[in-house]
Amino acid sequence: MAVHASGAGRSASDGRVRLITKVAHMYHEQGIRQADIADALHISQTKVSRLLKRAGEIGIVRTVVVVSQGVHLALEQGLESRYGLREAVVVDVEGDESEIIAGIGSAGAAYLESTLAGGERIGISPWSQTLLSVAERLHPLRVAGADRVVQLAGGVGEGAVQAKANRLLSHLAELIGAEPVYVQAPGLVSTAETRRSLVADTAMQSITKEWQSLTMALVGIGSVQPSPLLRDSGNAIAPADQDQLIAAHAVGDVCQRYFDTAGQLIHSDLNSRVVGIDPEVLRAIPRRIGMAGGERKHAAIRAAISGGWVNVLITDVATARALLDEGTP
């Protein structure tokens, strides 16, 4: 707060302006409580409150926000305005992919710690290195931040990597005081008929109902080339499927739902074989938090936020700048 004695151009001899200025100075500059100001000046506390309000209205008191180093409000506001995001968090991190993942993981953990207020029903994609980084850096919440944490896609795959997916879900649920809900099925099956059979199972029907009542989703944003974690899981798409997606101009995915540069869903045989949340249900979740960064994912992230796959983005500073540069592919 800055207190200006000029009274927005009015004469300092004006008794009322003088009183307003004196009250504002005592409160904002000297840190004196309103009740003590009232006693010192022999006026009521209600009048002190009115005078402080008036000080702001006529410009005696002006609020100045000093942006700390490493905070990128202009970039965040630019992303929110350009892409209609509910919120953007830009992380001041540079380096190779592992360093960017670690930085976004720390920011994602801090975001959850500050915004989880209890009663949430959270969906989470199982094959994200960035989300693993979040769980590794999240501090246990003193008060439960959610009721349930539910996998958004099948989690069954190669043993060692499946353990990572399960650990992500169980560890996150433990930290925020929620119940974990697993999808006991592979994320990708060989035929649409196999998927239909799995989805018709009573256990999967229960999961489907869970998906429809989610209030938040935590997702990674993938490129067409699968990440090492997804590739090693046994749930990555086959080369033939990948070729088809590239031919259809796919640039990225969320929960194995692939989209083009405009964020439009690519309709392919692959969609009928994914055991996971339906695209329409995913995009109906109120808060959809995407955590991703690095040059390799610029096109995928741009498409994901353009297509409404996520409405909260946590990313690195270089990616944020690229997203605001119309010339960047």
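**A helix and its surroundings**

Mentor: Glu 210 has its place in helix α9. The model is a predicted one, and every value below is computed from it. At 16% relative accessibility, Glu 210 counts as buried, because the cut-off for buried is under 20%. Leaving aside residues up to four places away in sequence, Glu 210 touches Arg 148, Val 150 and Val 181.

Now take the whole helix. Helix α9 runs over residues 202-212, and Glu 210 is buried there along with Met 204, Ile 207 and Trp 211. These residues cover an arc of only 105 degrees around the axis, which puts them on the same side of α9. An α-helix has 3.6 residues a turn, so residues three or four places apart point the same way. The face of α9 turned away from the buried side carries exposed residues: Thr 202, Lys 209 and Gln 212.

What covers the buried residues of α9? The cover includes the strands β5 (146-151) and β6 (179-181), and also the helices α8 (192-200) and α12 (279-282). The start of α9 has a detail of its own: there a side-chain oxygen of Asp 201 comes to within 2.9 Å of the backbone nitrogen of Ala 203.

The axes of α8 and α9 come within 5 Å and cross at roughly 80 degrees. The two helices α8 and α9 are therefore roughly perpendicular to each other. On the α8 side, Leu 198, Val 199 and Ala 200 take part in the contact, and they meet Thr 202, Met 204 and Gln 205 of α9. Sorted by class, the contact of α8 with α9 has four nonpolar residues, two polar ones and no charged ones.

Helix α2 (residues 34-41) and helix α3 (residues 45-57) have axes that come within 8 Å and cross at roughly 110 degrees. That makes α2 roughly perpendicular to α3. Gln 34, Ala 35, Ile 37 and Ala 38 of α2 make the contact with Gln 45, Val 48, Ser 49 and Leu 52 of α3. By class, the residues of that contact divide into five nonpolar, three polar and no charged.

Next, a buried residue in a strand. Leu 313 is found in strand β12 (residues 312-316). At 1% relative accessibility, Leu 313 counts as buried. The C-alpha atoms of Leu 313 and Ala 88 are separated by 4.9 Å, although the two residues are 225 residues apart along the chain. Beyond residues up to four places away in sequence, Leu 313 touches several others, including Leu 85, Val 89, Ile 221, Gly 290 and Leu 323.

Last, the whole chain. The chain has 14 helices and twelve strands. Of its 329 residues, 49% are buried. Among contacts between residues at least 6 apart in sequence, 73% join residues at least 24 apart.

Terms used: Residues are numbered from 1 along each chain as its sequence is written. This is a predicted model: local features need pLDDT of at least 70, side-chain atom pairs count only at pLDDT 80 or more; totals for chains, interfaces and linings use all residues. Side-chain values use heavy atoms; hydrogens and water are left out. Buried means under 20% relative accessible area, exposed over 50%, partly exposed in between (1.4 Å probe, protein chains only). Helices (H or I, at least four residues) and strands (E, at least two) are DSSP runs, numbered from the N terminus. The arc is that of the directions from the helix axis to the C-beta atoms. Contact means heavy atoms within 4.5 Å. A polar contact is a pair of N or O atoms within 3.5 Å; within protein, one must be able to donate a hydrogen and the other to accept it, and residues adjacent in sequence count only if both atoms are side-chain atoms. Axes are lines fitted to C-alpha atoms, for helices over the stretch in contact, and angles run from 0 to 180 degrees between N-to-C directions. Angles under 35 degrees count as roughly parallel, over 145 as roughly antiparallel, 65 to 115 as roughly perpendicular and the rest as oblique. Ala, Val, Leu, Ile, Met, Phe, Trp, Tyr, Cys and Pro count as nonpolar, Asp, Glu, Lys and Arg as charged, and the others, Gly among them, as polar.
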